[in-house]
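This briefing covers secondary structure, packing and a few backbone features. Please read it alongside the sequence and the coordinates.

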Amino acid sequence: MNQSFPDKAASFLSHFGATAKSLVKTAVAGGRADITDRKPVNPLIIMGNGPSLATNIENDLELLRHSDTLAVNFAANSPSFKTLRPKYYVLADPHFFKSTDDPNVRMLVQNLAESTWSITLFVPKKSTVHPSLLHNPHLSVEFFSFNGFEGFKSAEHFAFDRKWGMPRPRNVLIPSIMIGIWMGYKEIYLIGADHTWTRTLAVDDMNHVISIQPHFYKDNEHEQARVSSTYQNVRLHEMLESLTVAFRSYHIIRRYADLRGIKIFNSTPGSFIDAFSRSQLPG
């Protein structure tokens, strides 16, 4: 349907405003990420923490152990971490850098600090990295801009090319994919990216939103309590808006990847992510 002139004008002004706002945010955020282009020859396998990853660990362990893999969030606290030996690790949530009293965060830091293989940890710019991580000769740290850049498509692509920002990062998988692109990977596979949250989304009789987000490992009681507390004051429309932003960001990544000749495959059975082509893992 052709837009009328008022609609075109409104759309232009909306994109202009979003672009201007994003440029200001980029300046405040401290500029581009300092991520090295590794010119890799192998595909990258990004391991989300969804429940289906357990099946991959059971059936594809040798493939994962000999591939370029990227893990996220609390994966280092799982028993399989030292078996999988991921090459890359991404932390994005401010909770990992501000909540030093959280025993799960302390355990995460300890497990990363004790890694005995080469691993690169990616964290947002201006994050405070625990000193023990900097003392591990096997672990290096690189910083990325955790800045959502929106506006004209050309402006978005210009910003993504320069690592100034990314589509709005509503969850850790979004920066993980962009980091993979920035490292130079031309082929990226997603596993453990179930994203089936709407199946477990509910509202109880006290009007509390209940969002069960299962992982391939079992969350302990402390983490379950923390997540429950986090969602205590979240309203259903806010939750749905957040999900909308996340799923939209994947489509923006797909558009950008297509433009740059990068192939992203969703290898997660039953995943709700509809932006990427479905494919089995390579090899």
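Helices (H or I, at least four residues) and strands (E, at least two) are DSSP runs, numbered from the N terminus. The model is predicted: local features need pLDDT of at least 70, side-chain atom pairs count only at pLDDT 80 or more, and totals for chains, interfaces and linings use all residues. Residues are numbered from 1 along each chain as its sequence is written, and side-chain values use heavy atoms, with hydrogens and water left out.

**Loops and positive phi**

- Asparagine 207 sits in the loop between β7 (201-203) and β8 (209-211). Although asparagine 207 is not a glycine, its phi is positive, about 65 degrees. Its relative accessible area is 55%, so asparagine 207 is exposed (exposed means over 50% relative accessible area, buried under 20%, partly exposed in between, with a 1.4 Å probe and protein chains only).
- Lysine 163 belongs to the loop between α8 and α9. Its phi is also positive, near 60 degrees, in a residue other than glycine. With a relative accessible area of 10%, lysine 163 is buried.
- Glycine 184, which follows α9, has a positive phi near 105 degrees.
- Proline 79, in the loop between β2 and α4 (81-84), is exposed because its relative accessible area is 79%. Its C-alpha atom is separated by 43 Å from that of lysine 21, 58 residues apart along the chain.

**Strand β1**

- Strand β1 (residues 44-47) is covered on both faces, with Leu44 and Ile46 buried on one side and Ile45 and Met47 buried on the other. In a regular strand the side chains alternate between the two faces of the sheet.
- β1 pairs in the parallel sense with strand β2 (residues 68-72) over 4 bridges (two strands pair if DSSP finds at least two bridges between them). β1 also runs parallel to strand β6 (residues 187-191), joined by 4 bridges.
- Leucine 44 stands opposite aspartate 68 in β2 and opposite isoleucine 188 in β6.

**Helices**

- Helix α6 (residues 103-113) has Asn104, Val105, Leu108, Val109, Asn111 and Leu112 as its buried residues. These lie on the same side of α6, because they cover an arc of only 165 degrees around the axis (the arc is that of the directions from the helix axis to the C-beta atoms).
- Aspartate 102 caps the N-terminal end of α6, with a side-chain oxygen 2.8 Å from the backbone nitrogen of asparagine 104.
- In α9, 10 of the 10 residues are buried, so this helix is largely enclosed by the rest of the structure. Among them are Pro175, Ser176, Gly180 and Trp182.
- Glutamate 156 is part of helix α8 (residues 153-161) and counts as buried because its relative accessibility is 5%. Setting aside residues up to four places away in sequence, glutamate 156 touches Phe149, Glu150, Gly151, Ile252 and Arg255 (contact means heavy atoms within 4.5 Å).

**Nonpolar cores**

- The largest nonpolar core has 43 residues, and those with the most contacts inside it include Phe144, Tyr250 and Phe276 (such a core is a set of buried Ala, Val, Leu, Ile, Met, Phe, Trp, Tyr and Cys residues joined through side-chain atoms within 4.5 Å).
- At least two residues of this core come from each of β1, β2, β3 (88-90), α8, α9 (173-182), β6 and α11 (236-259). The largest share, 8 residues, is supplied by α11.
- Another core, of 32 residues, lies apart from this one, and Ala76, Leu84, Tyr89 and Leu139 are among its residues.

Technical notes. Polar contact = N/O pair within 3.5 Å; in protein donor to acceptor, adjacent residues only side chain to side chain.
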